[in-house]
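Visitor: I'd like a quick walk through this one. Can we start with the overall picture and then look at one helix pair?
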Amino acid sequence: MQYNKVEVCGVNTGKLKVLTEAEKNELLRRCRQGDMQAREEMIAGNLRLVLSVIQRFTGRGENPDDLFQVGCIGLIKAIDNFDINQNVRFSTYGVPMIIGEIRRYLRDNNAVRVSRSLRDTAYHAMQVRERLVNETGREPKIDELATEMDLPRETVVMAMESIAEPVSLYETVYSDGGDTICVMDMIGDSCDSSSWLDEMSLKDAIRGLGEREKQILTMRFMQGRTQMEVASEIGISQAQVSRLEKCALKKIRDISQ
């Protein structure tokens with residue numbers, strides 16, 4: 001990352017301080033003694049760690065300034081909760097904390113709204129899963145999670161899926177030089193991928209039509225009615241049917257292109 005070319009939240013990242021491990025350990029020790037100045041210095045000295053993490057979340061349409069601020073919250077939590085007695089580098093502990101905070105923000109601000117109760121169920125399932133992994137040393141099955149939580153299997157599955165991040169069909173799965181494989185390439189289909197993409201676009205276009213336009217297209221192209229028959233059925237003139245039909249087809253073409 002070229003820090004001298006990046007400005008986030010009005011901060012010139014090229015001028016950010018970089019702490020040595022010895023300096024971090026000393027500041028953390030002072031933080032545990034209640035030294036607020038040391039805490040501020042520790043935050044300022046690890047902002048590049050936040051910048052390195054938010055690079056993983058670029059290309060999702062999110063404002064980098066927002067991600068940076070959320071990442072800083074994760075950094076502060078990491079500083080406040082880090083155990084200086086453990087033989088672990090601060091960055092090893094801090095990066096997952098920052099990532100977790102950003103992912104939580106992205107989930108809570110996802111365009112697909114999920115009810116609070118469903119999210120709570122999902123987070124409970126994640127806690128139960130982590131406990132079972134520690135106890136058994138293996139990944140638990142959905143049925144095991146459902147039994148532990150005393151919930152129907154379907155409820156647990158729905159909850160876990162509700163917090164999963166959506167994946168673009170064009171997201172890179174594997175890249176080796178110039179040979180790139182996207183999610184779309186991994187989806188098995190007996191048809192050409194363009195055919196079902198066209199079908200998805202068509203369905204979206206139809207959903208955007210008014211009820212009368214949908215009714216006319218259904219009667220004309222699914223029931224095989226003439227424009228005169230449609231006009232008589234819904235109580236308008238044949239000219240109006242023709243105009244509404246042409247308008248609806250034009251909308252579908254424009255949206256599908």
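Guide: Helices here are DSSP runs of H or I with at least four residues, and strands are runs of E with at least two. Keep in mind that this is a predicted model.

Visitor: Fine. How many helices and strands in the chain, then?
Guide: There are 13 helices and 4 strands.

Visitor: What share of the residues is buried?
Guide: Of 257 residues, 31% count as buried.

Visitor: Now the pair. At what angle do α3 and α5 cross?
Guide: Roughly 50 degrees, with the axes coming within 10 Å. Helix α3 covers residues 47–54 and helix α5 covers residues 90–108.

Visitor: Why call them oblique?
Guide: Angles under 35 degrees count as roughly parallel and 65 to 115 as roughly perpendicular. The α3–α5 angle is roughly 50 degrees, so the two helices are oblique to each other.

Visitor: Which hand is the crossing?
Guide: α3 passes α5 in a right-handed crossing.

Visitor: Which residues make the contact?
Guide: From α3, L49, V50, V53 and I54. From α5, F90, S91, V95, I98, I99 and I102.

Visitor: How do they divide into nonpolar, polar and charged?
Guide: 9 are nonpolar, 1 is polar and none is charged.

Visitor: Back to α3 by itself. How many of its residues are buried?
Guide: 6 of 8, so α3 is mostly covered. The buried ones are L47, L49, V50, L51, V53 and I54.

Notes
Residues are numbered from 1 along each chain as its sequence is written. This is a predicted model: local features need pLDDT of at least 70, side-chain atom pairs count only at pLDDT 80 or more; totals for chains, interfaces and linings use all residues. Side-chain values use heavy atoms; hydrogens and water are left out. Buried means under 20% relative accessible area, exposed over 50%, partly exposed in between (1.4 Å probe, protein chains only). Axes are lines fitted to C-alpha atoms, for helices over the stretch in contact, and angles run from 0 to 180 degrees between N-to-C directions. Angles under 35 degrees count as roughly parallel, over 145 as roughly antiparallel, 65 to 115 as roughly perpendicular and the rest as oblique. A crossing is left-handed if the near helix is turned anticlockwise from the far one by less than a right angle, and right-handed if clockwise. Contact means heavy atoms within 4.5 Å. Ala, Val, Leu, Ile, Met, Phe, Trp, Tyr, Cys and Pro count as nonpolar, Asp, Glu, Lys and Arg as charged, and the others, Gly among them, as polar.
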